[in-house]
Amino acid sequence: KIGLVKFDFLGLKNLTVIDNAVKLIRAGKNPDFDITKLGDDDEATYQLLQSGNTTGVFQLESSGMKDLLVKLKPSCFEDIIAVCALYRPGPLGSGMVDDFIDRKHGRKAVTYELSELQPILKDTYGVIVYQEQVMQIARTLGGYSLGGADLLRRAMGKKDAGEMAKQKEHFLAGAREKNTDLKKAEAIFDLMAKFAEYGFNKSHSAAYALLAYQTAYLKTHYPVEFMAALLTEDMENTDKVIKNITDCRDMGIDVLPPDINASERSFKVLENSIRFGLGAVKNVGASAVEAILEARETAPFKDLFDFCELVDLRRVNKRVVESLIKCGAFDSTGAKRARMMAALEAAMELGQKIQKEKDSAQVSLFGTDEIMKGNGNGRHTLPDIPEWGEKELLTFEKEAIGFYITGHPLDRHEADVKRLGTADTSTLAEKPDRSEVRICGIVASLSEKITKKGDRMAFALLEDRLGSVEIMVFPDVFAKASEFLKTDEPLLVTGTVDAGEESCKIKVTEIIPLCAANEQNTRKVSFTLRAGSLERSQMESLREIISRYRGNCGAYLNIIIPEKVRTTIKLPESYSVRASEDLTLEVERLLGYNATTFE
């Protein structure tokens, strides 16, 4: 009102992601890369958008938006601008989005009430999508000034009946002066009023579309650099890191654990992989990272004892080294994690003794080698003990990094998760409030409560491969399922979505172990055998395993013959089996990973 211009500056982390990705690209594959000089007609980028593979792409990564992209199949920059404007409750609920898609793909004719509307609505296939289009129509047909057109836009958006009556009179008067058919002009005014409800600011949408296109371009042509930049930016958000790691794996990009000889402070881009930085490991602060990088400048660390001798142990304490062992940072030295953990105290003592003598300038006449030989009858060798089991390895890994990186307890159950679940943590937000869902996961934390009536209930954090969700377990369900919630076994949770403003929760109606759900819902068990390497003894062992797991599921042999020929044999009913996890484990030990499938 006093004539000043208001500027609204939006701070976006996506700008930092783009900037970091560009720096990584310039440092590696393309020193001359300039994000500001991209053309807006890159075919491969549009193919990525059309496929819905847009995790990490600005504004286009929700499951609803992915569905819209797959249906619309954007083929030009104007389509991306429109997508950003159309994906809102108003347009989606009005049928306007379906109309837009049908017109784009020729299933509905693109028509204009008057020829003057064609240049204004051509880019949006005859549909009024933007507030600017409302203003352009008012100027072209109603003779409005720019300021007057903006007042009309505001009146339409506020649905002010009195103001709208005045504006309609003004519009028709302008149309009369331009010799426009008044019936058509009135119909167009009513159409404008209808669409102004849903109209979006095009300049805002175009700015968003530019960032969407740039991030999609980076993901298409420089996926490793883009995902490394995304992981760096999201490092504090565990759910987003998990989602990004899963997306990397889906794209064929290896995400490698931290490594004492290969990692830098932050994420490092390799040819087709991303190496975690040492700074990502819990309990490893900036000072410890600096000490490790300084110590390995001359040569890589040979083993745990070499590390403890060379690294400044005043900055790298036992807790730091424990975390590095647990996350797999020492794996490249060739030693097993359990053995290194058992030897850690001896290695630290030895390292401290060597460093103390060096610092005091009283090194033995025979040097540090003699100290190591004479320091307790071979304590510089690792004890011969078995490695941790898969579950323990993954548990320690998660403890050290905050999430699973080399694997996940649900990986071996992937087929069952897809078959039995109806949602995962990344798609829950898209589910309608109070809708029923089935989700598979592992309890990450559990908090028991006593209700006013004295009954026990619980709040738990359920985690899958893509993130986590809070589940509310009320007394009737908790009484039946409390023992399952206190294990680290995969569970199948059934419940209803409780959609809040900031996050979703699940009100649980049933909890059963995934293995039990598997047995209940499986009718067919298949065993995959490779004919080229198959031996009679393996067949006999398989027959013996099947005999120990008698059940009601039909058994089948999927035989893979060299030259990619497959054949399936149904076994007699006397070989019917029970779909148990123990059966899967025994068969996999005999025939290899994923040798058993349930249907």
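Contact here means heavy atoms within 4.5 Å of one another. The model is a predicted one, in which local features need pLDDT of at least 70 and side-chain atom pairs count only at pLDDT 80 or more, while totals for chains, interfaces and linings use all residues. Residues are numbered from 1 along each chain as its sequence is written, and side-chain values use heavy atoms, with hydrogens and water left out.

Arg-103 has its place in helix H6, which covers residues 96-104; helices (H or I, at least four residues) and strands (E, at least two) are DSSP runs, numbered from the N terminus. With a relative accessible area of 15%, Arg-103 is buried, where buried means under 20% relative accessible area, exposed over 50%, and partly exposed in between, for a 1.4 Å probe and protein chains only. Leaving aside neighbours within four places in sequence, Arg-103 is in contact with Lys-108, Ala-109, Val-110, Thr-111, Tyr-125, Gly-126 and Val-127. The side chain of Arg-103 also reaches the backbone oxygen of one of these residues, Tyr-125, at 3.1 Å.

## The cavity

On a 1 Å grid over the protein atoms alone, a cavity is a set of points where a 1.4 Å probe fits but cannot get out, whereas a pocket is an open set with protein on both sides within 12 Å along at least five of seven lines; lining residues have an atom within 4 Å of a point. Grid points are joined across faces, edges and corners, and a volume is the space filled by probe spheres set on the points. On these terms there is one cavity of 30 Å³ or more, and the largest cavity has a volume of about 100 Å³.

The lining of the largest cavity consists of Ile-242, Ile-245, Thr-246, Arg-249, Phe-403, Tyr-404, Gly-407, His-408, Asp-411, Glu-463 and Arg-465. Helix H14 (residues 238-250) gives the most to this lining, with four residues. By class, the lining divides into four nonpolar, three polar and four charged residues, where Ala, Val, Leu, Ile, Met, Phe, Trp, Tyr, Cys and Pro count as nonpolar, Asp, Glu, Lys and Arg as charged, and the others, Gly among them, as polar.

The largest pocket has a volume of about 1,400 Å³. Of the 50 residues that line the largest pocket, Lys-243, Asp-424, Thr-425, Ser-426 and Thr-427 are the closest to its centre. H14 gives the most to this lining, with seven residues, and among the other elements that each supply at least two are helix H3 (63-72), helix H21 (414-420) and strand S4 (436-450). The lining of the largest pocket divides into 14 nonpolar, 18 polar and 18 charged residues.

The second largest pocket has a volume of about 410 Å³. Of the 20 residues in its lining, the closest to the centre are Lys-391, Pro-409, Ile-442, Asp-488 and Pro-490. Helix H20 (390-401), S4 and helix H25 (581-591) each supply at least two residues of this lining, and H20 gives the most, with six. By class, the second largest pocket is lined by eight nonpolar, three polar and nine charged residues.

## Cysteines

A disulfide is counted as a pair of cysteine sulfur atoms within 2.5 Å, and by this rule the count comes to zero disulfides. The sulfur of Cys-248 is too far for a bond, because the closest cysteine sulfur, in Cys-327, is 18 Å away. Cys-440 is in no disulfide either, the nearest cysteine sulfur being that of Cys-515, 12 Å away. Cys-248 is buried, with a relative accessible area of 0%, and Cys-440 is buried too, at 3%.

Gln-59, in the loop between helix H2 (43-51) and H3, has a positive phi of about 70° although it is not a glycine, and at 35% relative accessibility Gln-59 counts as partly exposed. Arg-434, in the loop between H21 and S4, likewise has a positive phi of about 70° without being a glycine, and Arg-434 counts as exposed at 70% relative accessibility.

Ile-450 lies in strand S4 and is exposed, with a relative accessible area of 53%. Not counting residues up to four places away in sequence, Ile-450 touches Asp-455 and Arg-456. Ile-450 and Lys-418 are 32 residues apart in sequence and 35 Å apart in space, C-alpha to C-alpha.

Key
A polar contact is a pair of N or O atoms within 3.5 Å; within protein, one must be able to donate a hydrogen and the other to accept it, and residues adjacent in sequence count only if both atoms are side-chain atoms.
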